Amino acid sequence: MNVQAGQRVEVLDGVAHREPPEGDLDNIAEKEWEFDDFSSMAHAELERHREARQYARIAAYEMPRLSELVRPFVPPNEKEILRFRYTTYMGEKHPAQSKVVCEFATSDLPLTQVERNKLIKLAGVRYNPDTDIVRMSSEMFQHQAQNKRYLSDLVDSLIAEAKDSTETFEDIPFDFRHHEAKKAPPKPKFPKEWRLSPKRRAQLEEERANLENMFEQ
């Protein structure tokens, strides 16, 4: 066998196999399974065992140390008006794991009544008139920190726009139809012409009575 310099030679079953040159790896025939390795299902089961043992080690050795980092709960002060909510799926990948929800009360903002009314109108369907809470969410970015920064900048833009006195939106009325629809579904309204008249009701009762007499006979 002609072996070039730097080329790897492997002996399998008494036969020398020469490693193909670089760039010719696509022509290598895949070795058939000769019952000398685990199946793919067995490897998946081993991976689950490894993951379970990893979390067991974390629970046994690392989680008890978290007591050293315990801090007493301190309620948010007047300057901390934004509340962020995250969702974690315990180590699993999920499309919604980057989603961040931001909530704040308009009464906590340093705004006048006119500016507050303008911000409520700008928030639109994200405002709840019963709780005075504006709720926004974002999942357009890959990481939670990016979505949190985007929501924080969006709140700053809303406040800056509300303080803009060139247009106060005072001539635009409040529209809370989105909230009323969530509280109770609208009842269907039918035209008056569809209602049963006394004459039609008496006619239907007479037909039912005739049908009952027919079946009794």
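Predicted model: local features only at pLDDT ≥ 70, side-chain atom pairs only at ≥ 80, totals over all residues.
Four strands, in the order S3-S4-S6-S5, make up an open sheet in which the pairing is antiparallel. Its edges are formed by strand S3 (83-86) and strand S5 (127-128), each of which pairs on one side only. Strand S5 is joined to strand S6 (residues 133-138) by 2 bridges, and these two strands run antiparallel; within this pairing, Asn-128 has Ile-133 of S6 as its bridge partner. Strands of a sheet pair through backbone hydrogen bonds, and such pairing can be either parallel or antiparallel.

**Aromatic residues around strand S5**

A search of the whole structure gives 3 aromatic pairs. In one of them, the rings of Tyr-127 and Phe-176 have centres 6.0 Å apart and planes at 40°, so the pair is classed as tilted. Because Tyr-127 belongs to strand S5 while Phe-176 lies in the loop between helix H3 (144-162) and helix H4 (177-183), this pair ties together parts that are 49 residues apart in sequence. A further pair, that of Phe-174 and Phe-176, is stacked, with 5.6 Å from centre to centre and 25° between the planes. Tyr-127, Phe-174 and Phe-176 form one aromatic cluster.

Although Gly-124 and Asp-175 are 51 residues apart in sequence, their C-alpha atoms are 7.7 Å apart in space.

Asn-147 has its place in helix H3 and, at 0% relative accessibility, counts as buried. Which backbone atom lies 2.6 Å from a polar atom of the side chain of Asn-147? It is the backbone oxygen of Ser-98. When neighbours within four places in sequence are left aside, Asn-147 is in contact with Ser-98, Val-100, Ser-138, Glu-139, Met-140 and Phe-141.

In soluble globular proteins, nonpolar side chains tend to be buried together. Here the largest nonpolar core has 17 residues, and those with the most contacts inside it are Phe-104, Leu-109, Leu-119, Val-134, Met-136, Val-155 and Ile-159. At least two residues of this core are supplied by each of strand S4 (100-105), helix H2, strand S6 and helix H3, with the largest share, 5 residues, coming from H3.

Met-136, one of the core residues with the most contacts inside it, can be followed through its surroundings. Leaving aside neighbours within four places in sequence, Met-136 is in contact with Val-100, Val-101, Cys-102, Phe-104, Arg-126, Leu-151, Leu-154, Val-155 and Leu-158. Among these contacts, Phe-104 and Val-155 are themselves listed with the residues that have the most contacts inside the core.

Technical notes:
Residues numbered from 1 in each chain as written. Heavy atoms only, no water. Pairing = 2+ DSSP bridges. Phe/Tyr/Trp six-rings, centres within 6.5 Å; stacked < 30°, edge-to-face > 60°. Buried < 20%, exposed > 50% of the residue type's maximum accessible area, 1.4 Å probe, protein only. Polar contact = N/O pair within 3.5 Å; in protein donor to acceptor, adjacent residues only side chain to side chain. Contact = heavy atoms within 4.5 Å. Core = buried A, V, L, I, M, F, W, Y, C linked by side-chain atoms within 4.5 Å.
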